[in-house]
Amino acid sequence: MRVLVLILGIGLISFHSMSQVKFWPKAGFNTSGVKFTNSNPANLGLYDATVGKAYPLSSSNTSTTLGTGFYFGLMVDIRLNKHFSIRPELLYNQNNVKLTYQNVANVDPSIFLRLTYEQKENRRYLTIPLNLVGHFKFQENDLQISLGAYASLGMNSTFQGEFVYEKVKMNGIYRSIIFSETGSDGSTQLLAERIPVNTFTYDRYYNPLDIGMEIGLGYQVDRVLISGKFVNGVSNSSAHYEDENLEATRDNLVKRNIGFSLGLAYRIDKVKL
């Protein structure tokens with residue numbers, strides 16, 4: 001929250017102190033993913049319902065598939081001089097990701113349990129980026145390079161989950177399924193808030209505050225700007241817990257947002273380059 005206040009403060013100060021201020025409505029598409037760090041997978045296990053026994057994990061893997069979404073909003077360009085400007089933005093941002101967790105536990109040398117869980121998180125954010133932009137002449141137009149930070153406030157979103165649980169026997173290079181079960185969480189809410197104590201709902205949760213860095217490249221021709229950005233989150237997007245004991249283990253699994261966006265902006269007033 002302090003970073004968000006700092007971003008807004010710098011933007012307001014710059015807004016009042018600079019005379020060359022222009023407004024740009026903008027919109028575009030983005031791809032989103034998640035980087036994982038799991039520092040404590042060993043405390044997990046798989047339960048074999050056919051024999052009523054749990055087995056420790058032999059492997060645990062997590063992967064992400066980039067999802068596509070869109071964004072739209074308003075950008076303000078505040079020129080400091082001929083070569084630099086400060087650029088705050090206010091965007092509605094759709095952040096869609098697909099996460100896959102696969103845990104494996106060995107029952108004996110020839111039999112193993114495998115649980116594959118796939119979830120789709122359709123997150124919605126109100127994003128406030130703040131960038132320092134360099135302007136360079138290129139073929140009589142404006143080539144722009146930006147570097148800055150962003151803060152995003154999460155909104156209630158949607159979630160879908162599916163799982164496949166298998167007990168598999170190896171026969172040389174061949175595999176046979178001893179037991180298999182599939183299931184689905186259906187579509188439920190993804191709430192931007194803390195996980196309550198003793199919750200028994202199907203709702204899922206995520207951290208409502210996402211903070212990160214971004215770098216971008218743009219090319220302006222007359223009033224039209226084509227731009228792309230790479231964003232790298234530094235905060236953990238996993239939800240906080242109201243329970244203090246669970247909150248102490250939250251950083252065992254760290255999820256950080258990453259993404260790339262491409263879009264167009266239109267300058268309301270023509271700028272003199």
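1. The largest cavity is lined by 26 residues, and those nearest its centre are Asn-30, Asn-93, Thr-127, Val-231 and Ser-261. Its volume is about 320 Å³. A cavity here is a set of points, on a 1 Å grid over the protein atoms alone, where a 1.4 Å probe fits but cannot get out, and lining residues have an atom within 4 Å of a point. The volume is the space filled by probe spheres set on the points, with grid points joined across faces, edges and corners.

2. A word on the basis of these values: this is a predicted model, in which local features need pLDDT of at least 70, side-chain atom pairs count only at pLDDT 80 or more, and totals for chains, interfaces and linings use all residues. Residues are numbered from 1 along each chain as its sequence is written, and side-chain values use heavy atoms, leaving out hydrogens and water.

3. Back to that lining: β1 (21-38), β5, β6, β7 (141-171), β10 (209-221), β11 (224-233) and β12 (253-266) each supply at least two residues. Strands are DSSP runs (E, at least two residues), numbered from the N terminus. By class, the lining of the largest cavity has 13 polar, eight nonpolar and five charged residues. Ala, Val, Leu, Ile, Met, Phe, Trp, Tyr, Cys and Pro count as nonpolar, Asp, Glu, Lys and Arg as charged, and the others, Gly among them, as polar.

4. The second largest cavity has a volume of about 110 Å³. Of its 15 lining residues, Arg-87, Ser-146, Gly-216, Ser-227 and Lys-229 are the closest to its centre. Strands β5, β6, β7, β10 and β11 give two or more residues to this lining.

5. The side chain of Lys-26 makes a polar contact with the side chain of Glu-89 at 3.0 Å. Such a contact is a pair of N or O atoms within 3.5 Å, one able to donate a hydrogen and the other to accept it; residues adjacent in sequence count only if both atoms are side-chain atoms.

6. Finally, the largest nonpolar core has 10 residues, including Val-34, Leu-99, Tyr-117 and Phe-159. A nonpolar core is a set of buried Ala, Val, Leu, Ile, Met, Phe, Trp, Tyr and Cys residues joined through side-chain atoms within 4.5 Å.

Note on methods. Buried means under 20% relative accessible area, exposed over 50%, partly exposed in between (1.4 Å probe, protein chains only). On a 1 Å grid over the protein atoms alone, a cavity is a set of points where a 1.4 Å probe fits but cannot get out, and a pocket is an open set with protein on both sides within 12 Å along at least five of seven lines; lining residues have an atom within 4 Å of a point. Helices (H or I, at least four residues) and strands (E, at least two) are DSSP runs, numbered from the N terminus.
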